[in-house]
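Please read the following alongside the sequence and the model. The text goes from helix packing to the sheet and then to single residues.

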Amino acid sequence: MTDLILHEYAPSGNCYKIRLTAAHLGIALERRGYDILAGETRKPSFLATVNANGRIPVLQIGDRFLPESNAACFYLADGSPLIPADRFARADMLRWMFFEQYNHEPNIATLRFWLAFVGEHALSDLQKAQIAGKRAAGDAALALMDEQLGRTPFLVGDELTLADIALYAYTHVAAEGGFDLVSYPAVMAWIARIAAIPNYIGILD
């Protein structure tokens, strides 16, 4: 697999999950960074050539561009053990990936960005009013993961899948958004399990 370029903001968990998938599979990526705090993904040149939606990550495959982090991970992992061969397990993997984008990322990742990158002092009144609700929803997502990971070592059973990579990306840095991961011992054990896998890379590697 060649000619793969990741358009990214390195501290982003959504960008990291693509790099972690590629590292696990031994796939080389060229990386092009953008400063989202400076609005670089909203510039006309980016909108016209990389992603009209003005967001990263985007995986460039030759002259084609694939936005959305979980779609990019799926592209890289297609045909690998990260995607289960069993029909139900494969659908269950997708279930957790949808959960990540709908229940987990909008709360845990958003609070991390607001508190660790923007700063609470710079938030709007509307954003400040949303903090308590997002914290409660994020804790509910972590509790659901903890329940599952108390039964199985990985989210879809005994083996690492894309579901784990997708959810690991923002979970392992959730403390930056004010979440107390110590309250979720099965999640903590899972974080350590993933970090011990060969070819692992950190979020800022």
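**Helix packing, sheet and selected residues**

The axes of α3 and α4 come within 10 Å and cross at roughly 150°. Axes here are lines fitted to C-alpha atoms, for helices over the stretch in contact, and angles run from 0 to 180 degrees between N-to-C directions. The two helices, α3 and α4, are therefore roughly antiparallel; angles over 145 degrees count as roughly antiparallel, under 35 as roughly parallel, 65 to 115 as roughly perpendicular and the rest as oblique. From α3, the residues S69, N70 and F74 meet M93, M97, E100 and Q101 of α4. Contact means heavy atoms within 4.5 Å. By type, the residues of the contact of α3 with α4 divide into three nonpolar, three polar and one charged. In this division Ala, Val, Leu, Ile, Met, Phe, Trp, Tyr, Cys and Pro count as nonpolar, Asp, Glu, Lys and Arg as charged, and the others, Gly among them, as polar.

The model is predicted, so local features need pLDDT of at least 70 and side-chain atom pairs count only at pLDDT 80 or more, while totals for chains, interfaces and linings use all residues. Residues are numbered from 1 along each chain as its sequence is written, and side-chain values use heavy atoms, with hydrogens and water left out. Helices (H or I, at least four residues) and strands (E, at least two) are DSSP runs, numbered from the N terminus.

Helix α3 (residues 69-77) also packs with helix α1 (residues 13-25), at an angle of about 5° and with the axes 9 Å apart. It follows that α1 and α3 are roughly parallel to each other. On the α1 side the contact is made by N14, K17, I18, T21, A22 and L25, and on the α3 side by S69, N70, A72, C73, L76 and A77. Seven nonpolar, four polar and one charged residue make up the contact of α1 with α3.

Next comes the sheet. Four strands form an open sheet in the order β2-β1-β3-β4, with mixed pairing; two strands pair if DSSP finds at least two bridges between them. The edges are taken by β2 (30-33) and β4 (64-67), each with a single partner strand, so one side of each is left without a neighbour in the sheet. From one strand to the next the twist averages 25°. Helix α1 packs on this sheet, where α1 touches β1 (4-8) and β2, and its direction makes about 155° with that of β1. Helix α3 lies across β1, β3 and β4 and runs at about 120° to β4.

How many bridges join strand β3 to β4? There are four, and β3 (residues 58-61) and β4 run antiparallel. Among the facing residues, L59 stands opposite L66 in β4, and Q60 has F65 of β4 as its bridge partner. The two strands β3 and β4 form a hairpin with two residues between them, and G62 in the turn has a positive phi of about 65°.

Strand β4 also holds R64. With a relative accessible area of 58%, R64 is exposed; exposed means over 50% relative accessible area, buried under 20% and partly exposed in between (1.4 Å probe, protein chains only). R64 and L4 are 60 residues apart along the chain, and their C-alpha atoms are separated by 9.8 Å.

The loop between β4 and α3 contains E68, which counts as partly exposed at 47% relative accessibility. Although E68 is not a glycine, its phi is positive, at about 80°. Not counting residues up to four places away in sequence, E68 touches P57 and Q101. P57 sits in the loop between α2 (44-49) and β3, and the peptide bond from I56 to P57 is cis, with omega near 10°. Another positive phi in a residue other than glycine, near 75°, belongs to N199, found in the segment after α7 (185-195).

Is R112 buried or exposed? R112 is buried, its relative accessible area being 6%. The side chain of R112 reaches the backbone oxygen of P11 at 3.0 Å. Leaving aside neighbours within four places in sequence, R112 is in contact with P11, S12, G13, F117, Y170, V173, E176, G177 and I203.

Definitions and conventions: Polar contact = N/O pair within 3.5 Å; in protein donor to acceptor, adjacent residues only side chain to side chain.
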